[in-house]
Amino acid sequence: MRGIAILGSTGSIGRQAIEVLSLHPDKFYVTALTAHKNADLLFEQVRALRPRMAALTGEEIPVPADLSFCQFCFGPDSLEKVARECEGQDVLAAVVGVAGLKAVMAARKAGKRILLANKETLVAGGEMVMQACPETEDGPTLLPVDSEHSAIFQCLQGADGNPYEKILLTASGGPFRTWEKERIQKATVAEAMGHPTWNMGAKITIDSASMFNKALEIIEAKWLFAARPEQIQVLIHPQSIVHSAIQFRDGAVIAQMGAPDMKVPILYAMSYPERLQTGARELDLPALGMLTFENPDLKKFPSIQMAYDALKTGGAAACVLNAANEEAAGAFLKGEIPFGRIYEIVDFALQKHGHLPARNLSDIDYADALARETARKML
């Protein structure tokens with residue numbers, strides 16, 4: 001049995017992870033759970049799964065007497081503490097934001113395998129994280145959980161050592177795929193939250209609408225698969241059936257397909273290299289009809305070009321992009337800025353701080369803080 005700590009257990013990925021591992025009690029057990037502020041759900045999960053550790057990264061609150069069997073910790077540092085001290089072999093990083101980076105590094109120092117559903121970890125600290133996650137005789141020490149990167153990883157299992165020529169990173173296009181640029185600029189929160197195919201948390205849904213989620217995934221793919229930026233091609237695929245693909249030098253393409261359901265990539269990372277029943281909906285190919293693909297409109301969605309520019313700049317540019325986007329997307333969700341302002345804020349932060357280095361965690365913290373300060377001043 002593999003012991004798994006779930007960082008972000010009350011979020012969308014965390015809840016689905018609990019669902020799929022509960023299907024296989026002979027394979028997995030939960031060693032730790034963390035949440036930010038959703039204490040009521042966290043307490044329910046602790047009662048059901050009985051982990052040894054749990055954490056709330058928000059404010060400290062009284063713990064119910066019936067949960068005395070579990071060690072609780074509180075505050076921003078509790079994420080790292082759990083990642084470092086929990087039992088078991090695996091840590092599922094499913095928190096939102098750059099807060100996941102330090103927890104991932106702490107888990108790796110403790111010898112844990114990382115199941116990564118936190119984009120910002122690789123975006124902000126890609127080189128450092130990959131150095132800490134080498135391939136071993138027992139297999140990879142970092143497995144991607146994002147549907148696109150899991151798809152690429154799965155496709156590479158069939159490569160038999162042949163190098164890929166190109167990564168084809170698919171994107172649904174979000175709710176604004178067919179909108180005119182001027183209309184996108186003025187979109188409301190309700191319109192941005194209307195994702196056509198995926199049910200996700202608020203921040204990720206807004207990132208999908210702005211396509212900053214795809215910008216972050218371009219940066220992730222560069223680090224996960226040692227890709228050159230020009231090898232990563234984004235394709236708009238509204239049906240969300242082909243989760244991504246790889247192309248070889250002879251022109252052959254291997255794609256990973258499935259119904260849009262995160263249970264498959266979550267459980268594949270947990271059980272790798274074994275494949276287990278997920279309870280996910282099976283893909284009905286005859287019912288699909290047509291699958292379509294198109295190039296993204298970089299004028300309507302400048303976030304994609306920003307990702308390539310950040311990779312070209314190097315250093316902390318990707319960290320700055322992520323930090324400014326977190327601040328801007330959060331402000332949009334609160335109704336403080338129009339949708340189009342997100343792009344302007346991120347672009348300005350990149351122009352001002354994109355040159356900073358990213359040699360270590362201190363550099364990354366500094367760049368992250370400066371980018372957020374600049375974004376807040378613009379707000």
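A helix here is a DSSP run of H or I that is at least four residues long, and helices are numbered from the N terminus. Keep that in mind for the exercises below, and remember that this is a predicted model.

**Exercise 1. Find the helix that holds Leu288, then work out whether Leu288 is buried, partly exposed or exposed.**

Solution. 
Step 1: Look along the chain to residues 285-288. That stretch is helix α12, and Leu288 is found in it.
Step 2: Check the accessibility. Leu288 has a relative accessible area of 27%. Buried means under 20% and exposed means over 50%, so Leu288 comes out as partly exposed.
Step 3: See what Leu288 touches. Setting aside neighbours within four places in sequence, its contacts are Ile241 and Leu283.
Step 4: From Leu288 to Ala255 you count 33 residues in sequence, and their C-alpha atoms are 16 Å apart in space.

**Exercise 2. Describe the open sheet: how many strands does it have, in what order, and which are at the edges?**

Solution. 
Step 1: Count the strands. There are 7, in the order β4-β3-β2-β1-β5-β6-β7, and the pairing is parallel.
Step 2: Pick out the edges. β4 (71-74) and β7 (142-144) each pair on one side only, which makes them the edge strands.
Step 3: Zoom in on one pairing. Strands β2 (residues 28-35) and β3 (residues 53-56) run parallel and are joined by 4 bridges. Ala32 stands opposite Met53 in β3.
Step 4: Helix α11 (residues 263-271) lies across β1, β2, β5, β6 and β7, and runs at about 175° to β6.

**Exercise 3. Classify the ring pair Phe176 and Phe339, and say which parts of the chain it ties together.**

Solution. 
Step 1: Start with the total: the structure holds 10 aromatic pairs.
Step 2: For Phe176 and Phe339, the ring centres are 5.3 Å apart and the planes meet at 85°. Planes over 60 degrees apart count as edge-to-face, so that is the label for this pair.
Step 3: Locate both residues. Phe176 is in the loop between β8 and α7, while Phe339 is in the loop between α14 and α15, so the pair ties together parts that are 163 residues apart in sequence.
Step 4: Follow the rings onward. Phe339 also pairs edge-to-face with Tyr343, at 6.1 Å centre to centre and 85° between the planes.
Step 5: Check the burial. Phe176 is buried at 0%, Phe339 is buried at 0%, and Tyr343 is buried at 5%.
Step 6: Ring pairs link Phe176, Trp179, Phe212, Phe332, Phe339 and Tyr343 into a cluster.

**Exercise 4. Which residues lie over the faces of Trp179 and Trp223?**

Solution. 
Step 1: Over the face of Trp179 you'll find Arg183, at 3.5 Å from the ring centre.
Step 2: Over the face of Trp223 lies Lys222, at 4.5 Å from the ring centre.

Notes: Residues are numbered from 1 along each chain as its sequence is written. This is a predicted model: local features need pLDDT of at least 70, side-chain atom pairs count only at pLDDT 80 or more; totals for chains, interfaces and linings use all residues. Side-chain values use heavy atoms; hydrogens and water are left out. Helices (H or I, at least four residues) and strands (E, at least two) are DSSP runs, numbered from the N terminus. Buried means under 20% relative accessible area, exposed over 50%, partly exposed in between (1.4 Å probe, protein chains only). Contact means heavy atoms within 4.5 Å. Rings of Phe, Tyr and Trp (its six-membered ring) pair if their centres lie within 6.5 Å; planes under 30 degrees apart count as stacked, over 60 as edge-to-face and the rest as tilted. A charge sits over a ring if NZ of Lys or CZ of Arg is within 6 Å of the ring centre and within 35 degrees of the ring normal. Two strands pair if DSSP finds at least two bridges between them. Axes are lines fitted to C-alpha atoms, for helices over the stretch in contact, and angles run from 0 to 180 degrees between N-to-C directions.
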